[in-house]
Amino acid sequence: MPERDSAARIAGALLMLTAVINAVSAMARFAADTDQPTLAETLSAIHLNQGLYGLGGVSRITAGFTLIAAARYLLRTRIIRDGHGTPLVPGLFAASGAFNIVSGACAVILAAYAPAINPLIESSAFLRWSTGKTGFALAGLALVVASRYPWRVGSALRSIAPVSAIVGVAMQFIWIDSATVAHPIVGAAFFLCLLAVGSMLFTGRTQRSSRRVVDSDSPA
């Protein structure tokens, strides 16, 4: 029986935890209904739903830290060490987590001081918007890059490769305002991708496929 890769199991668990916490953050923000046309209206909505919006911000901060931790353990997996994955994926996940932490912190500031408008609030509102979108886009790029791996190893994992790539590309549309209606759908797809990848790592399915590739490449 092949040695269990504890780093992969931990990374998988952290990715699944990140997916769940991100879902909490998204639902809290959606329930707060703070996407308004002007800053003043947005701050008024935040003030009326301070608890929900604050929960969304704290959840985003937490998800950022768990994603960074997942990236750290991904770097330690045999998948990366054996060259069947690229360090770029955990690097992009870590960068995404860092941007999400900043975005969440700005959301907490807005929840604490709304509906006041001052330079701190204006800067926090812009940073929350820009870092949130950047973090989401970077996570999407990680999925696109990661899609090469399951395609190479084949077997049942190959089916997730095109899905991962498509979701990752769709996540780049976060920057297009006219695509706002599709954002919840893409966010849900990202949630499912994180759960799927995390589950495969946690259960050892990814590692077993990687080991079969290593064995098949070894001289008889």
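This is a predicted model: local features need pLDDT of at least 70, side-chain atom pairs count only at pLDDT 80 or more; totals for chains, interfaces and linings use all residues.
A polar contact here is a pair of N or O atoms within 3.5 Å, and inside a protein one of the two must be able to donate a hydrogen while the other accepts it. A polar atom of the Thr42 side chain sits 3.5 Å from the backbone oxygen of Thr34. Thr42 itself belongs to helix α2, which covers residues 39-48. Leaving aside residues up to four places away in sequence, Thr42 touches Thr34 and Gln36. Is Thr42 buried or exposed? Its relative accessible area is 17%, and the cut-off for buried is under 20%, so Thr42 counts as buried.

Zooming out, the protein chain is built from 10 helices and has zero strands. Of its 220 residues, 43% count as buried.

Next comes the inside of the protein. In soluble globular proteins, nonpolar side chains tend to be buried together. In this model, the largest nonpolar core holds 28 residues, and Phe93, Leu143, Met171 and Phe190 are the ones with the most contacts inside it. Helices α1, α3, α5, α6 and α9 each give two or more residues to this core, and the largest share, six residues, comes from α6.

What about the gaps? Rolling a probe the size of a water molecule over the atoms shows where empty space is left. The largest pocket has a volume of about 1,500 Å³. Its lining takes in 47 residues, and the closest to the pocket centre are Arg29, Asp35, Arg60, Ile174 and His183. Helix α2, where Thr42 sits, is one of the elements giving two or more residues to this lining. The others are α1 (6-32), α3 (50-75), α5 (88-113), α6 (119-146) and α9 (183-203). By residue type, the lining splits into 23 nonpolar, 17 polar and seven charged residues.

Conventions: Residues are numbered from 1 along each chain as its sequence is written. Side-chain values use heavy atoms; hydrogens and water are left out. Helices (H or I, at least four residues) and strands (E, at least two) are DSSP runs, numbered from the N terminus. Buried means under 20% relative accessible area, exposed over 50%, partly exposed in between (1.4 Å probe, protein chains only). Contact means heavy atoms within 4.5 Å. On a 1 Å grid over the protein atoms alone, a cavity is a set of points where a 1.4 Å probe fits but cannot get out, and a pocket is an open set with protein on both sides within 12 Å along at least five of seven lines; lining residues have an atom within 4 Å of a point. Grid points are joined across faces, edges and corners, and a volume is the space filled by probe spheres set on the points. Ala, Val, Leu, Ile, Met, Phe, Trp, Tyr, Cys and Pro count as nonpolar, Asp, Glu, Lys and Arg as charged, and the others, Gly among them, as polar. A nonpolar core is a set of buried Ala, Val, Leu, Ile, Met, Phe, Trp, Tyr and Cys residues joined through side-chain atoms within 4.5 Å.
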